[in-house]
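Please look over the sequence and the model shown below before reading on. The report is meant for someone meeting this structure for the first time.

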Amino acid sequence: MTEAASASVLRFSAIQQSFASPTGDAPNVVISDVGFEVKRGKFVSVIGPSGCGKSTLIQMAAGLLKPSVGMVFHHDREVTSVNRTIGFVPQQAQLLPWKTMIENIEFPLLLRGMALSERRAKAMEAIKRVDLAGFESHYPYQLSGGMQKRASIARMLVYKPDTILMDEPFGALDAQTRMVMQHDLQTMLATEGASVLFVTHDITEAVLLSDSVVVLSRRPARVIAEIPIDLPRPRDMFEPYGTPGFAEAYDRVWSVFRSELNIRRAA
Ligand SMILES: Nc1ncnc2c1ncn2[C@@H]1O[C@H](COP(=O)(O)OP(=O)(O)OP(=O)(O)O)[C@@H](O)[C@H]1O
């Protein structure tokens with residue numbers, strides 16, 4: 001591996017997070033000790049029990065929240081304020097309802113002061129990447145849930161971030177749309193070459209998309225395993241078990257996760 005390929009793009013170092021209790025009791029310790037990194041061009045998923053702090057970690061990387069203790073580094077610089085060089089796809093598409101699809105997608109470029117003709121061209125390019133050409137003038141309510149999600153991915157791709165944060169981006173979609181979106185994401189990333197931090201509850205999704213899976217413990221979270229996923233690419237999102245080695249990789253992740261959830265195997 002070259003030095004550039006092994007470079008750390010995103011790094012969580014000895015993170016702890018507490019939140020003030022709404023009832024005035026002792027602070028709520030959510031994260032007790034989390035450290036891991038995303039290397040250049042790698043896709044890292046984070047899974048863990050509900051409420052263990054996965055979205056909190058994403059918010060730290062986006063610069064929306066400062067850890068109580070520890071540091072987050074992006075390209076070896078500590079993240080201390082809103083990180084505008086990073087792409088963020090939230091759980092909900094969060095499109096602006098009063099703007100058309102293309103206006104939503106070019107909005108980040110408008111905020112950067114780009115001229116109309118240039119931002120329209122870039123927005124159209126991103127729209128084609130997510131297969132939404134023909135729907136530019138539709139308002140969000142005129143798009144399906146999957147199309148809104150595609151639009152939110154296009155809005156993130158439009159400024160070509162080299163680092164992407166995705167917080168359960170496909171969680172609210174039906175199973176078929178989800179598979180199509182996973183397939184399209186894999187295809188897109190094969191050409192974008194971005195580094196991705198991806199939060200999900202879905203082990204199949206984590207295994208199919210990732211180069212490694214970080215498993216967090218129950219709250220207060222710590223890293224209980226970092227599991228490399230060395231399956232060949234491209235992987236078949238529609239027939240997971242058709243990918244050689246998928247079943248073994250799934251079992252490795254699930255056996256760590258289920259022991260944290262205290263689920264016993266049926267006799
Ligand atoms: N701003 C905040 N103030 C107080 N508590 C917070 C705040 N943000 C998050 N929390 C608490 O931190 C914990 C972790 O929340 P977070 O959303 O990061 O979990 P998660 O692992 O993403 O959960 P899920 O899998 O259910 O989406 C929760 O108990 C939540 O109530």
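Predicted model: local features only at pLDDT ≥ 70, side-chain atom pairs only at ≥ 80, totals over all residues.

Ten strands make up an open sheet with mixed pairing, and their order across it is S5-S4-S1-S2-S10-S9-S3-S8-S7-S6. At the edges stand strand S5 (77-78) and strand S6 (87-89), each of which has a single partner strand, so one side of each is left without a neighbour in the sheet. Strands of a sheet pair through backbone hydrogen bonds, and this pairing may be either parallel or antiparallel.

## Strand S8 and its partners

Strand S8 (residues 195-199) pairs with strand S7 (residues 163-167) in the parallel sense, over five bridges. Within this pairing Met 166 is placed opposite Phe 198 of S8, while Leu 165 has Leu 197 of S8 as its bridge partner. S3 and S8 also run parallel, and four bridges join them; here Val 44 stands opposite Leu 197 in S8.

Is S8 enclosed or open to the outside? Five of the five residues of S8 are buried, so the strand is largely enclosed by the rest of the structure.

## Helix H3

After H3 comes Asp 131, whose phi is positive, near 65 degrees.

## Helix H7

Helix H7 (residues 246-261) contains 16 residues and reaches 22 Å from its first C-alpha to its last, which is close to the 22 Å expected at 1.5 Å a residue. In H7 the residues Ala 249, Val 253 and Phe 257 are buried. The buried residues of H7 pack against strand S3 (43-47), helix H6 (203-209), strand S9 (212-216) and strand S10 (221-228). Just after H7, Asn 262 takes a positive phi of about 60 degrees.

## A loop residue

Thr 23 lies in the loop between strand S1 (8-19) and strand S2 (28-39). Is Thr 23 buried or exposed? Thr 23 is exposed, because 7 other C-beta atoms lie within 10 Å, and a residue counts as exposed with 12 or fewer. From C-alpha to C-alpha, Thr 23 and Arg 112 are 41 Å apart in space, and in sequence they are 89 residues apart.

## Around the ligand

The residues around the ligand are Phe 19, Val 30, Gly 48, Ser 50, Gly 51, Cys 52, Gly 53, Lys 54, Ser 55 and Thr 56. They divide into three nonpolar, six polar and one charged. Helix H1 (residues 54-61) contributes the largest share of this shell, with three residues.

How values were computed: Residues numbered from 1 in each chain as written. Helix = DSSP H or I, 4+ residues; strand = E, 2+ residues; numbered from the N terminus. Near = placed C-beta within 6 Å. Nonpolar A, V, L, I, M, F, W, Y, C, P; charged D, E, K, R; others polar. Pairing = 2+ DSSP bridges. Buried ≥ 20, exposed ≤ 12 C-beta atoms within 10 Å, placed from the backbone. Expected span 1.5 Å × (residues − 1). Contact = placed C-beta atoms within 7 Å.
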